[in-house]
Amino acid sequence: MTIATKTSTEPVSKTNTSVDISHSRILLEKLAYNWHTRAQVGQVRKKTESALSDEMSFDPMREDFRLDLLPFKEHPDFLSAPLELKKKALSCGWIAYNEKTIDIEARVIAPACNHIIYREIPGVEDSASQLIAADTLVDEAYHIQLVVNACNITRKHRQLQDLRLPSFALVKQMEREKSRHAEPWKKRLVQMATAIVSEVFVSDYLSLLAYDKEIQPLNRLTVYTHLRDEKAHHSIFLQLAKCIYANLSVEEQVFFAQVLPKPVRWFADVELEVWGMMLQQIDFPNAQKIIGDTAADTEVDLIRVDYSDVIKLAKELGVLDSAPGADSFAKAGLFS
Ligand SMILES: [Fe+2]
Ligand SMILES: [Fe+2]
């Protein structure tokens with residue numbers, strides 16, 4: 001993907017930051033005010049009442065996940081495996097999709113919200129930002145509950161109660177990046193950048209299943225419910241990013257510009273270590289070969305994620321007009 005952009009190599013300067021902060025603040029206040037009407041957690045009673053509907057019951061004949069989302073879907077050893085095992089791999093895919101969602105909520109978004117609530121991030125120390133971070137924490141806690149429930153149902157019906165997954169690449173790489181820096185402010189900005197990119201991407205990630213009428217109806221409904229909140233979070237985190245960036249020092253802006261593209265690649269990781277462990281646990285034939293061959297093809301698949309909103313954000317912040325920002329986005333393969 002080639003993105004046409006200005007390639008000025010001017011260093012980051014506060015004066016070239018053309019972010020409309022007043023608009024972002026007004027929008028954040030509106031989003032915080034609307035939380036009671038839009039938040040899906042407020043609809044719990046209605047959902048409980050519909051829990052007995054057909055849509056909420058498990059249909060063993062339906063597949064749990066989409067075949068085209070498996071990174072090794074075209075590998076000959078996968079295609080020639082018994083149908084029952086292929087179906088079990090799809091159930092594993094659904095569980096991994098959900099556990100990655102839990103990782104995003106609990107290890108990426110929640111700590112970022114807590115930094116805002118504790119007023120540790122420049123530009124978002126105001127009461128509206130605090131409230132919106134608190135609202136987001138409630139949303140994400142509800143999403144974890146939704147996802148844990150969906151996983152438990154799948155594990156029970158598919159005899160996958162003992163399936164164990166390692167950490168996901170997104171969190172591992174974020175923690176590795178944080179550990180490279182001694183300064184607490186750098187660790188916080190890595191966390192914030194990862195949260196911003198994740199919240200920009202998570203709607204697309206959920207859209208992959210939210211409208212799919214072929215998969216298990218309960219799974220589709222779970223993802224659809226989650227997506228309705230994440231559409232709001234998408235806007236919230238874009239506005240938070242603008243408020244934060246405009247209030248960073250020049251040194252902090254340079255660091256943020258260098259970090260921002262990295263989570264795009266972390267998010268695009270196809271999680272082969274997780275897949276390898278899952279396929280081994282369900283005794284999938286030639287699991288190691290399937291994973292090894294797929295790793296040789298592609299481990300980070302940027303085509304799978306639409307990062308145009310991250311590029312748009314970087315442009316709006318002025319990150320791509322700076323030498324460190326333009327270099328880091330080019331190094332991440334996000335534009336040439
Ligand atoms: Fe969420
Ligand atoms: Fe979210």
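# Notebook: helix packing and selected residues

Helices (H or I, at least four residues) and strands (E, at least two) are DSSP runs, numbered from the N terminus. I recorded that this is a predicted model, in which local features need pLDDT of at least 70 and side-chain atom pairs count only at pLDDT 80 or more, while totals for chains, interfaces and linings use all residues. Residues are numbered from 1 along each chain as its sequence is written, and chains are lettered from A and ligands numbered from 1 in the order in which they are written.

**Chain totals and core**

I looked up burial and found that 42% of the 336 residues of the protein chain count as buried. I used this scale: buried if 20 or more other C-beta atoms lie within 10 Å of the residue's own, exposed if 12 or fewer, and partly exposed in between, with C-beta atoms placed from the backbone. Among contacts in the protein chain with a separation of 6 or more, 84% join residues 24 or more positions apart. Two residues are in contact if their C-beta atoms, placed from the backbone, lie within 7 Å.

I then turned to the largest nonpolar core, which has 88 residues; Ala193, Ile244 and Phe256 touch the most other members. Such a core is a set of buried Ala, Val, Leu, Ile, Met, Phe, Trp, Tyr and Cys residues joined through C-beta atoms within 7 Å. With neighbours within four places in sequence left aside, Ile244 is in contact with Ile121, Pro122, Gly123, Val124 and Met192.

I examined α1 (residues 21–33) against α9 (residues 217–246): they pack at an angle of about 140°, with their axes 9 Å apart. That makes α1 oblique to α9. Axes are lines fitted to C-alpha atoms, for helices over the stretch in contact, and angles run from 0 to 180 degrees between N-to-C directions. Angles under 35 degrees count as roughly parallel, over 145 as roughly antiparallel, 65 to 115 as roughly perpendicular and the rest as oblique. The crossing of α1 and α9 is left-handed. A crossing has that hand if the near helix is turned anticlockwise from the far one by less than a right angle, and is right-handed if clockwise.

On the α1 side I listed Ile21, Ser24, Arg25, Leu27, Leu28 and Leu31, which meet Ala232, Ser235, Ile236, Gln239, Lys242, Cys243 and Ala246 in α9. The contact of α1 with α9 has eight nonpolar, three polar and two charged residues. Here Ala, Val, Leu, Ile, Met, Phe, Trp, Tyr, Cys and Pro count as nonpolar, Asp, Glu, Lys and Arg as charged, and the others, Gly among them, as polar.

I next checked α6 and α9, whose axes come within 10 Å and cross at roughly 155°. These two helices are therefore roughly antiparallel to each other, and the crossing of α6 and α9 is left-handed. The α6 residues that meet α9 include Ser129, Asp139, His143 and Ile153, and their partners in α9 include Leu218, His226, Asp229 and Cys243. By class, the contact of α6 with α9 has nine nonpolar, eight polar and two charged residues.

**α12 with α13**

I found that the axes of α12 and α13 (residues 287–297) come within 9 Å and cross at roughly 165°. α12 and α13 are therefore roughly antiparallel, and α12 passes α13 in a right-handed crossing. Leu272, Trp275, Gly276, Leu279 and Gln280 of α12 make the contact with Ala287, Ile290, Ile291, Thr294 and Ala295 of α13.

**Positive phi**

Gln159 has a phi near 55°, positive in a residue other than glycine, and sits in the loop between α6 (127–157) and α7 (169–179). Gln159 is exposed, with 11 other C-beta atoms within 10 Å.

Glu271, also not a glycine, has a positive phi of about 60°. Glu271 lies in the loop between α11 (262–267) and α12 (272–281) and counts as partly exposed, with 19 C-beta neighbours inside 10 Å.

**Leu334**

I located Leu334 in the segment after α15 (323–331). Leu334 counts as buried, with 23 C-beta neighbours inside 10 Å. Beyond four places in sequence, Leu334 is in contact with Pro261, Val264, Tyr307, Ile311 and Phe329.
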